[in-house]
Amino acid sequence: MKTTDTLNALMFLTNEPDEHLYINIADAIISFGEKALPFLKKKMNAVSDFYHRQRIEYLIYIIERHNIMKKLKSWREKREHDLMEPYFILAKHRFPNADWAWYGFQLMMIIEQAEQELNTELTPLEQVKTLNHIIYDVNKFHGDTKYLGNPDYYFVNTLLETRVGNPLSLGMLYCIVAERLNIPIYGIDLPNHFILAYCNKTERFPQLEDVLFYINPYNNGTVLTRKDIRNYLSQLNVKSELKYFEPSKNEFIVKKLFKTLIKTYSMSGKESEANEMREMMDY
């Protein structure tokens, strides 16, 4: 009850004209974290003054940003093996009113479909062939170059709704499905691209010597070799480095998602969104 009373009292002070006093009031509201959000949103609906609404909107933004960074930090420290969690965290922030139960159900359906087709007798290539069939043939996911510059198409809900993706969104989907099925497939961060590596199972995180072959999720799961990667890098005039052939941990994949969103938001003229991603990236 004390928290409720305090927050209700603070809401009455959000239009404090003295800026020095207001800074202390804002800090007090922010210190309540998520608990303050319902009070702020209720207050915003009751306010018509533009400047007053701007203040409240900014407080909501700060609290939600801190909350996302807190969740991402917790994921990195405790559940880094689960790529699905941060992918959904970021998308929920961008599309808070989306039907997230439906999107979660869609993803679980894809995983269950693949699980029904897989068995322990399949070779790695046969497993990939099965995943490709479920993802690209049954569920009709595909890449389209005309959406590469659209930031929305890097979020999981847009991918699940439209079935259209880019190398990163399709690659993250592929990784998530593989993770849930305990198939050792990991991301590979290439310049302007994102591919996957099928690795031998090891007790440690896999390294270059553990890679059996590579997968291009943007091209219906086509199998690639090291030579294919070297040729790709040569076309870009990029020097071959170990990092372009070794599996990446999920934390680096999430960082790539942030960097890609920053780039696409900037190219789309949405600098405020790009700056928000820059602020959250160092969670």
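This is a predicted model: local features need pLDDT of at least 70, side-chain atom pairs count only at pLDDT 80 or more; totals for chains, interfaces and linings use all residues.

Residues are numbered from 1 along each chain as its sequence is written, and side-chain values use heavy atoms, with hydrogens and water left out.

Helices here are DSSP runs of H or I with at least four residues, strands are runs of E with at least two, and both are numbered from the N terminus. Helix 4 covers residues 50-78, and its 29 residues reach 42 Å from the first C-alpha to the last, close to the 42 Å expected at 1.5 Å a residue; the expected span is 1.5 Å times one less than the number of residues. The N-terminal end of helix 4 is capped by Asp49, which has a side-chain oxygen 3.3 Å from the backbone nitrogen of Tyr51.

Val47 is found in the loop between helix 3 (37-46) and helix 4. Val47 counts as buried because its relative accessibility is 11%, where buried means under 20% relative accessible area, exposed over 50% and partly exposed in between, with a 1.4 Å probe and protein chains only. Not counting residues up to four places away in sequence, Val47 touches His52, Arg53 and Ile56, a contact being heavy atoms within 4.5 Å.

**The largest pocket**

The largest pocket holds about 620 Å³ of space. Of the 20 residues that line the largest pocket, Glu64, Lys92, His93, Arg94 and Pro96 are the closest to its centre. Two or more lining residues come from each of helix 4, helix 5 (84-94) and helix 12 (271-281), and helix 4 gives the most, with seven residues. A pocket is an open set of points on a 1 Å grid over the protein atoms alone, where a 1.4 Å probe fits, with protein on both sides within 12 Å along at least five of seven lines; lining residues have an atom within 4 Å of a point. The volume is the space filled by probe spheres set on the points, which are joined across faces, edges and corners.

**Helix 9 and the residues beyond**

Helix 9 (residues 167-180) has end C-alpha atoms 20 Å apart, which agrees with the 20 Å that its 14 residues should span at 1.5 Å a residue. Helix 9 is mostly covered, since 12 of its 14 residues are buried, among them Pro167, Leu168 and Tyr174.

Helix 9 is followed by Asn182, whose phi is positive, and Asn182 lies in the loop between helix 9 and strand 3 (185-190). Asn192, in the loop between strand 3 and strand 4, also has a positive phi in a residue other than glycine. Their values are set out here.

| Residue | Phi | Relative accessible area |
|---|---|---|
| Asn182 | near 60° | 57%, exposed |
| Asn192 | near 60° | 62%, exposed |

His193 lies in strand 4 (residues 193-199) and, at 14% relative accessibility, counts as buried. Leaving aside neighbours within four places in sequence, His193 is in contact with Pro167, Asn216, Tyr218, Tyr232 and Lys256; of these, Pro167 is also one of the buried residues of helix 9.

Terms used:
A polar contact is a pair of N or O atoms within 3.5 Å; within protein, one must be able to donate a hydrogen and the other to accept it, and residues adjacent in sequence count only if both atoms are side-chain atoms.
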